[in-house]
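Have the model open beside you as you read.

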Amino acid sequence: MPVHDWTRVDAGIFHHFHLEWIGELSRALNAGLLPADHYALAEQITSLGEPDVLTLRGPTRGLPPDKNPPPGVVLATAPPKVRYRLKTEVDQYAAKAKAVVIRHTSSHQVIAVLEVVSPGNKSSRQRLATFVEKSVALLRSGIHLLIVDLFPPGPRDPQGIHKAIWDEFTDNDFVLPPDKPLTLAAYSGRPFPEAFIEPTAVGANLPEMPLFLTPDVYVYTPLEATYQSAWEAVPAFWRDVLTRPTIPK
């Protein structure tokens with residue numbers, strides 16, 4: 001199913017879709033895509049200082065993730081098929097939005113976060129800065145990150161959300177292709193993170209993107225299939241608004 005132009009509708013409509021998509025993504029990951037000792041939850045993370053962001057109380061099982069590497073695709077053997085791969089050489093309705101948080105059963109600490117960008121994340125300079133700061137803090141803490149941004153660049157992120165994040169690690173001249181202004185960005189969390197970027201566009205099908213579980217192991221995330229399932233929960237009236245032909249000016 002082609003990606004829709006979500007700028008056509010109010011932020012509240014996308015928020016409804018956003019919550020459905022987060023649920024579908026969590027369901028798919030928990031249905032066997034993640035290793036048995038990992039699990040996905042829909043959670044709200046605004047900063048690393050929040051209680052229980054890094055750990056949850058509960059029974060533990062198995063060895064810590066660094067002592068028990070998860071099954072998955074090994075980066076060195078099969079790099080993700082994305083348009084850009086970037087490395088750093090020098091380390092240098094947003095409030096309601098939920099993310100998919102991957103935890104490990106050994107101590108229930110956060111391993112990775114999957115974030116779907118909402119209009120509110122880019123609605124002001126302060127909100128964009130908050131989103132970027134949170135993303136950078138997660139990566140520097142060793143937490144892996146997958147960001148899906150289905151909104152085109154604006155005056156606050158003229159080359160998209162990835163460049164806004166990557167500028168915090170190193171000076172860079174990343175430029176989105178003019179015909180693909182939307183951003184899918186997977187990051188391997190570490191002091192010097194690595195990024196895997198796949199630009200996309202309205203009308204394109206979503207590719208599977210890597211979700212890292214360790215700096216060297218990832219699983220593919222079924223963005224297209226879960227997008228289709230979440231789309232079915234959008235009210236018919238708004239589905240019609242999003243799919244009707246654009247009237248030429």
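Predicted model: local features only at pLDDT ≥ 70, side-chain atom pairs only at ≥ 80, totals over all residues.

Residues are numbered from 1 along each chain as its sequence is written, and side-chain values use heavy atoms, with hydrogens and water left out.

**The whole chain**

The protein chain has five helices and 10 strands, taken as DSSP runs (helices H or I, at least four residues; strands E, at least two) and numbered from the N terminus. Of its 249 residues, 50% are buried, where buried means under 20% relative accessible area with a 1.4 Å probe, protein chains only. The chain exposes about 11,700 Å², and 55% of that comes from carbon and sulfur atoms; the areas come from the Shrake-Rupley method with a 1.4 Å probe.

**Two nonpolar cores**

A nonpolar core here is a set of buried Ala, Val, Leu, Ile, Met, Phe, Trp, Tyr and Cys residues joined through side-chain atoms within 4.5 Å. The largest has 40 residues, and W6, F17, W21 and I102 touch the most other members. Helix α1 gives the most to this core, with seven residues. Apart from it lies another core of 26 residues, including I45, L138, I143 and I197.

**Helix α4 and its partners**

Let's look at α4, residues 223-231, where L223, E224, T226, Y227, A230 and W231 are buried. Seen down the helix axis, these buried residues fall within an arc of 165 degrees, so they line one face of α4; the arc is that of the directions from the axis to the C-beta atoms. Their cover includes α1 (11-33), β6 (144-149), β7 (182-188), β9 (209-214), β10 (217-221) and α5 (236-243).

T226 and W21 link up through their side chains, with a polar contact at 2.9 Å. Such a contact is a pair of N or O atoms within 3.5 Å; within protein, one must be able to donate a hydrogen and the other to accept it, and residues adjacent in sequence count only if both atoms are side-chain atoms. Leaving aside neighbours within four places in sequence, T226 is in contact (heavy atoms within 4.5 Å) with W21, E24, L25 and A28.

| Residue | Relative accessible area |
|---|---|
| H108 | 10% |
| T226 | 4% |

H108 sits in the loop between β4 (99-104) and β5 (110-116). Its phi is positive, about 65 degrees, although H108 is not a glycine.
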